[in-house]
Amino acid sequence: MATKIRLQRGGRKSYAFYSIVIADARAPRDGRFTEKIGTYNPNTNPATVDLNFDRALYWLEVGAQPTDTVRNILSREGVLLMKHLRGGVKKGAFDEAAAQKKFDAWKADKQKGLDKVREEEAKAKKDAAKKALDEEKKVNEAVAKKVAEKKAAAAAEAAEAAAAAAAEAEAPAAEETPAEA
């Protein structure tokens with residue numbers, strides 16, 4: 001029996017969620033499977049993978065063939081590297097402790113890279129928020145300036161109107177005064 005490590009689709013429409021399963025190569029994508037070894041959620045950033053490392057390694061060692069997507073997932077999680085290192089131990093290139101040390105070094109380096117990416121993403125998000133706030137402040141200042149100009153113009157108009165009204169009130173009084181004299 002040819003065994004495959006493949007994805008089995010789940011989730012709702014337009015929101016895929018996959019199970020990583022061991023299945024017969026002849027079984028349909030969402031059909032019968034032998035064992036579920038993990039999940040894959042491509043909707044998050046970065047994609048979330050929950051994998052039973054030991055079972056995935058076991059199935060690879062007994063000859064299960066991963067699909068292309070699952071191969072990428074297993075590679076990212078380090079399962080393929082551990083399989084390679086165990087092959088080196090079996091051939092006598094190095095011992096189990098050296099293999100584990102190499103794997104731990106790879107895992108630490110991988111974690112540093114992921115942390116760096118997360119920090120850069122958080123920094124970019126923070127910078128974008130700050131830029132948006134600065135732009136909003138500029139727009140608000142421009143609006144406030146226009147409102148102040150309108151108020152000043154309205155106040156000047158009101159002052160002119162009051163001055164004109166006062167001048168009109170004084171003008172008839174001034175005209176009446178010479179008439180009486």
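Biologist: How do helix 1 and helix 3 lie to each other?

Modeller: This is a predicted model, where local features need pLDDT of at least 70 and side-chain atom pairs 80 or more, while totals for chains, interfaces and linings use all residues. Residues are numbered from 1 along each chain, and side-chain values use heavy atoms, without hydrogens and water. Helix 1 (residues 53–61) and helix 3 (residues 79–91), both DSSP runs of H or I with at least four residues, pack at about 55° with axes 10 Å apart, the angle being taken on a scale from 0 to 180 degrees between N-to-C directions of lines fitted to C-alpha atoms over the stretch in contact. Since angles under 35, over 145 or from 65 to 115 degrees have other names, helix 1 and helix 3 are therefore oblique.

Biologist: Which residues of helix 3 meet helix 1?

Modeller: Contact means heavy atoms within 4.5 Å. By class, this contact has seven nonpolar, no polar and three charged residues. From helix 1 come Phe53, Ala56, Leu57, Leu60 and Glu61, and they meet, in helix 3, Val79, Leu80, Met82, Lys83 and Arg86.

Biologist: Which helix gives the largest share of the lining of the largest pocket?

Modeller: A pocket is an open set of points on a 1 Å grid where a 1.4 Å probe fits, with protein on both sides within 12 Å along at least five of seven lines, and lining residues have an atom within 4 Å of a point. The lining includes Pro46, Arg76, Trp106, Lys110 and Arg118, and helix 2 (68–77) and helix 4 (96–180) are the elements that give two or more residues to it. The largest share, six residues, comes from helix 4.

How values were computed. Nonpolar A, V, L, I, M, F, W, Y, C, P; charged D, E, K, R; others polar.
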